[in-house]
Amino acid sequence: EDGPIFCVGFDDPLVTQYQSPHRGLRAVVGAVDLVAGISKDRQRLVVWAPWENTRPFIDQSLMHIARHRIADVDLG
């Protein structure tokens, strides 16, 4: 809950940790080319590239754009 995101593959024993200054992400979703999460306060979208797990390449507040908190994230 308060640590990094752990991603595990089905085809090999590789475990990748995605780190961020945000703890306790509300939701996390992954795809081949992105890993994304919603901050605990539901105001920020945090996105990592799979090859760069030490820090997000997008950490964007959406509250001022949408004027609502984030409810869900879908990479489909």
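The legends below describe close-up views of a predicted model.

**View 1. Salt bridge between aspartate 59 and arginine 44.** The side chains of these two residues, aspartate 59 and arginine 44, form a salt bridge with an N to O distance of 2.8 Å. The pair joins distant parts of the chain, with aspartate 59 in strand S6 and arginine 44 in strand S5 (residues 44-48), 15 residues apart. The count of salt bridges in the model comes to one. Aspartate 59 has a relative accessible area of 30% and is therefore partly exposed. Arginine 44 is likewise partly exposed, at 27%.

**View 2. Serine 61 and its contacts.** Serine 61 belongs to strand S6, which covers residues 58-61. Which residues is serine 61 in contact with, leaving aside its neighbours within four places in sequence? They are Gln43 and Arg44. Arg44 also takes part in the salt bridge with aspartate 59. The relative accessible area of serine 61 is 16%, so this residue is classed as buried, the limit being under 20%.

**View 3. Patch of positive charge on the surface.** Four residues gather in this patch: Arg26, Lys40, Arg42 and Arg69. Arginine 26 is placed in the loop between strand S2 (15-18) and strand S3 (27-30). With a relative accessible area of 57%, arginine 26 counts as exposed because the value is over 50%.

View 4. Is glycine 24 buried or exposed? Its relative accessibility is 12%, so glycine 24 counts as buried. Arginine 26, by contrast, is exposed. Glycine 24 and histidine 64 are 40 residues apart along the chain, and their C-alpha atoms are separated by 22 Å.

View 5. Phenylalanine 6 is found in strand S1, which spans residues 5-8.

Methods. Residues are numbered from 1 along each chain as its sequence is written. This is a predicted model: local features need pLDDT of at least 70, side-chain atom pairs count only at pLDDT 80 or more; totals for chains, interfaces and linings use all residues. Side-chain values use heavy atoms; hydrogens and water are left out. Patches are made of residues with over 30% relative accessible area and no salt bridge: like charges are joined within 9 Å, nonpolar side chains (Val, Leu, Ile, Met, Phe, Trp, Tyr) within 5 Å. Accessible areas come from the Shrake-Rupley method with a 1.4 Å probe; for residues, only the protein chains shown count as cover. Lys and Arg count as positive and Asp and Glu as negative; His and the chain ends are not counted. The place of a charge is taken as NZ of Lys, CZ of Arg, CG of Asp or CD of Glu. Helices (H or I, at least four residues) and strands (E, at least two) are DSSP runs, numbered from the N terminus. Buried means under 20% relative accessible area, exposed over 50%, partly exposed in between (1.4 Å probe, protein chains only). Contact means heavy atoms within 4.5 Å.
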